[in-house]
Amino acid sequence: MGRTMRIDLHTHSTCSDGTETPAELMASAARARLDVVALTDHDTTAGWELAEQAMQPGLALVRGTEFSTLVHRGGGRTTSIHLLGYLFDPLDPAIVAEHLRLGLERRNRGLSIVRKMRADGVPITADQVLDIADGAPVGRPHIGRALVNAGLVTSVDEAFAGYLAGSGPYYVHKVDTELEKAIVMIARAGGVSVIAHPRARGATQVLTPVRLAELAALGLNGLEVLHPDHDDAARRELFQLTQELDLIPTGSSDFHGTNKKLVLGQELTTAAALDRIVAAASGVVPVLQT
């Protein structure tokens, strides 16, 4: 019997809020003995070509993006939901336009957070954050790294627990894509949509079984069942939902380099699940390999 394939379908590079370049990520994935890795930077496809150029022997690449989306909760409140889109056409006009809008939204939001911090005497600057982002869409992890560099916290995780907390004084809202719109947009571009960590970070309250059934009917393809933020009960519930709704169950590390204490391959997707993703996609050549 052959070795079970090691497939990690959720990772980030310096093209969003990871700390490894796409080339470094590919090398790290090879060292982690992955057979397949997906690059899924936030709201950008900028790393796709760089990852392709750094293909490693025996390692296949799935191209994707983690879309920033929201769900309305009533009373003007929203909840942030992350949606993984795989194998869509990166030149689709709707996706290109939305990525441009979200990139500008991220930059404006990040600089607004820095302005609020500076007004309160926090010794970081916009230039420092932009240098850390290095052309990537500005995210709170970049601000977290500036806080680490300033000696104000010891890690990005600590920054998120304090300075960057959603309930904290420096939080600034950004206008993300509506979840339903993003699912349809990915499908029209030939892609496959999978909700990332659907039982973490406030998602549980809005992604009820009834809501997930509605999204499946709209074209949602899968749920990220195995994720470091999911406990055993969440994993059992989500897997059962994928069976009932005929959705694809995936597993992924959500690797961000040194920004988070996550390890490539610590959660994995089955070969059968990847086959279903490939079969459902028509946007780009499904899996690149040497």
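Let us start with a pair of helices: α7 (residues 179–188) and α8 (residues 209–218) pack at an angle of about 30°, with their axes 10 Å apart. That angle makes α7 roughly parallel to α8, a label for angles under 35 degrees, while angles over 145 are roughly antiparallel, 65 to 115 roughly perpendicular and the rest oblique. Their crossing is right-handed. From α7, the residues L179, E180, I183 and V184 meet R211, L215 and L218 of α8. By class, this contact has 5 nonpolar, no polar and 2 charged residues.

A word on the model before going on. It is a predicted one, in which local features need pLDDT of at least 70 and side-chain atom pairs count only at pLDDT 80 or more, whereas totals for chains, interfaces and linings use all residues. Residues are numbered from 1 along each chain as its sequence is written, and side-chain values use heavy atoms, with hydrogens and water left out.

Contact means heavy atoms within 4.5 Å. Buried means under 20% relative accessible area, exposed means over 50%, and partly exposed lies in between, all with a 1.4 Å probe and protein chains only. Helices are DSSP runs (H or I) of at least four residues, and strands (E) of at least two, numbered from the N terminus. Helix axes are lines fitted to C-alpha atoms over the stretch in contact, and their angles run from 0 to 180 degrees between N-to-C directions.

**More about α7**

The buried residues of α7 are L179, A182, I183, M185 and I186. They cover an arc of only 165° around the axis, which puts them on the same side of α7. Their cover includes β3 (60–74), β4, α3, β5 (177–178), β6 (192–195) and α8. Just after the helix, G190 takes a positive phi of about 80°.

**Helix α4 and its partner**

In helix α4 (residues 126–133), the buried residues are V129, I132 and A133. Seen down the axis, they fall within an arc of 100°, so they line one face of α4. D127 and D131, on the other side of α4, are exposed. Among the elements covering the buried residues are α3 (93–119) and α5 (140–149). Just after α4, D134 has a positive phi of about 55°.

How do α4 and α5 pack, and at what angle? The angle is about 115°, with the axes 9 Å apart, and the crossing is right-handed. V129, I132 and A133 of α4 make the contact with H142, I143, R145, A146 and N149 of α5. That contact has 5 nonpolar, 2 polar and 1 charged residues.

| Helix pair | Angle | Distance between axes |
|---|---|---|
| α7 and α8 | about 30° | 10 Å |
| α4 and α5 | about 115° | 9 Å |

**Two loop residues**

D92 sits in the loop between β4 (77–86) and α3. Is D92 buried or exposed? With a relative accessible area of 15%, D92 is buried. Leaving aside neighbours within four places in sequence, D92 is in contact with R188 and A189.

G283 is found in the loop between α10 (271–280) and β9 (288–289). This glycine, G283, is partly exposed, at a relative accessible area of 22%. G283 touches L87, F88, D89, A189 and G190, not counting residues up to four places away in sequence. G283 and L91 are 192 residues apart along the chain, and their C-alpha atoms are separated by 9.5 Å.

Conventions
A crossing is left-handed if the near helix is turned anticlockwise from the far one by less than a right angle, and right-handed if clockwise. Ala, Val, Leu, Ile, Met, Phe, Trp, Tyr, Cys and Pro count as nonpolar, Asp, Glu, Lys and Arg as charged, and the others, Gly among them, as polar. The arc is that of the directions from the helix axis to the C-beta atoms.
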